[in-house]
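User: I would like to learn how to read a few features of a protein model. Could you take me through them one at a time?

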Amino acid sequence: MLFLSKVGVGQLSINVGVTKTYNGFGQNPGFTSSGTATLYEYKYYQQPSNTYIGFLAPKNIGAYSVKITLMDGPDVGFSDSATYNIIQKTITLTANANTKVYDGTISATSTPTITGSLASGDIGTYSETYDTKTQGTGKILTPSVVSIVDGTSNVMTGNYSITYVTNSNGVITKLPITLTASANTKVYDGTISATSTPTITGSLASGDIGTYSETYDTKTQGTGKIL
């Protein structure tokens with residue numbers, strides 16, 4: 001608490017030097033007067049660059065140098081200053097269960113649940129990902145913030161203290177494909193090898209490359225042999 005005092009006048013006080021949690025907008029820290037002090041006009045500052053007049057105040061987290069000055073009346077010019085602190089707002093992001101067919105990526109379509117609300121005017125976009133891209137159950141899903149912005153698209157993520165909670169109920173199922181053997185004719189060579197390659201029905205996941213082969217059921221001469 002900063003007090004502006006003068007003998008025979010009383011006290012003028014401003015709620016600075018105490019903590020305010022980020023709330024998404026600039027706000028008067030709280031001006032009060034006691035005794036016979038009169039607040040005719042006042043101003044306070046975010047040092048060193050921006051000046052705030054009247055009820056405006058900084059909104060982003062930080063420790064601000066605040067100055068209040070009497071601009072009129074018997075005590076014109078009398079001033080003092082202190083620190084005004086804005087701290088991060090706390091939220092929690094919890095990943096949700098997700099099931100998908102293997103696609104070669106760690107992406108998930110589910111979105112995290114937020115516990116605690118964003119400040120007025122802020123908009124959050126969130127996502128979650130698998131720990132690995134491979135098929136399996138009991139996979140770990142991890143939440144993350146894509147962005148938190150205000151109404152004019154300024155990034156506000158730094159104004160939040162975010163706790164991330166994982167989820168171990170991720171599932172990636174196998175991607176179904178079909179391999180169909182092709183006809184093959186060869187001269188007996190003592191092996192079951194074939195030079196033809198199978199045809200694939202269905203496609204591999206993005207980035208995956210397959211190599212396929214086929215073989216005879218036996219190495220002996222004959223027709224109608226199984227490939």
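Predicted model: local features only at pLDDT ≥ 70, side-chain atom pairs only at ≥ 80, totals over all residues.

User: How many helices and strands does the protein have?

Analyst: There are 17 strands and zero helices. Of the 227 residues, 31% count as buried. The accessible surface comes to about 12900 Å², and carbon and sulfur atoms account for 54% of that surface.

User: What share of the contacts joins residues at least 24 apart?

Analyst: The share is 56%, taken among contacts between residues at least 6 apart in sequence.

User: How many bridges join β9 to β11?

Analyst: Three bridges do, and the two strands run antiparallel. β9 covers residues 89–94. One place to look is Thr-92, whose bridge partner in β11 is Thr-115.

User: How is a pair of aromatic rings described?

Analyst: By the distance between the ring centres and the angle between the ring planes. This structure holds one aromatic pair. The rings are those of Tyr-22 and Tyr-160, with centres 5.5 Å apart and planes at 80 degrees; the pair is therefore edge-to-face, since planes over 60 degrees apart count as such.

User: Where in the chain do Tyr-22 and Tyr-160 lie?

Analyst: The pair links distant parts of the chain, 138 residues apart. Tyr-22 sits in the loop between β3 (19–21) and β4 (31–35), whereas Tyr-160 belongs to strand β14.

User: Are Tyr-22 and Tyr-160 buried or exposed?

Analyst: The cut-off for buried is under 20% relative accessible area. Tyr-22 has 1% relative accessibility, so Tyr-22 counts as buried. Tyr-160, at 4%, counts as buried too.

User: What does Asn-167 contact, leaving aside its neighbours within four places in sequence?

Analyst: Asn-167 is in contact with Ala-95, Asn-96, Ala-97, Lys-139, Ile-140 and Leu-141. Asn-167 lies in strand β15 (residues 167–173) and counts as buried because its relative accessibility is 14%. The side chain of Asn-167 also reaches the backbone nitrogen of Asn-169, at 2.7 Å.

Notes: Residues numbered from 1 in each chain as written. Heavy atoms only, no water. Helix = DSSP H or I, 4+ residues; strand = E, 2+ residues; numbered from the N terminus. Buried < 20%, exposed > 50% of the residue type's maximum accessible area, 1.4 Å probe, protein only. Polar contact = N/O pair within 3.5 Å; in protein donor to acceptor, adjacent residues only side chain to side chain. Contact = heavy atoms within 4.5 Å. Pairing = 2+ DSSP bridges. Phe/Tyr/Trp six-rings, centres within 6.5 Å; stacked < 30°, edge-to-face > 60°. Areas by Shrake-Rupley, 256 points an atom, 1.4 Å probe, with all protein chains shown as cover.
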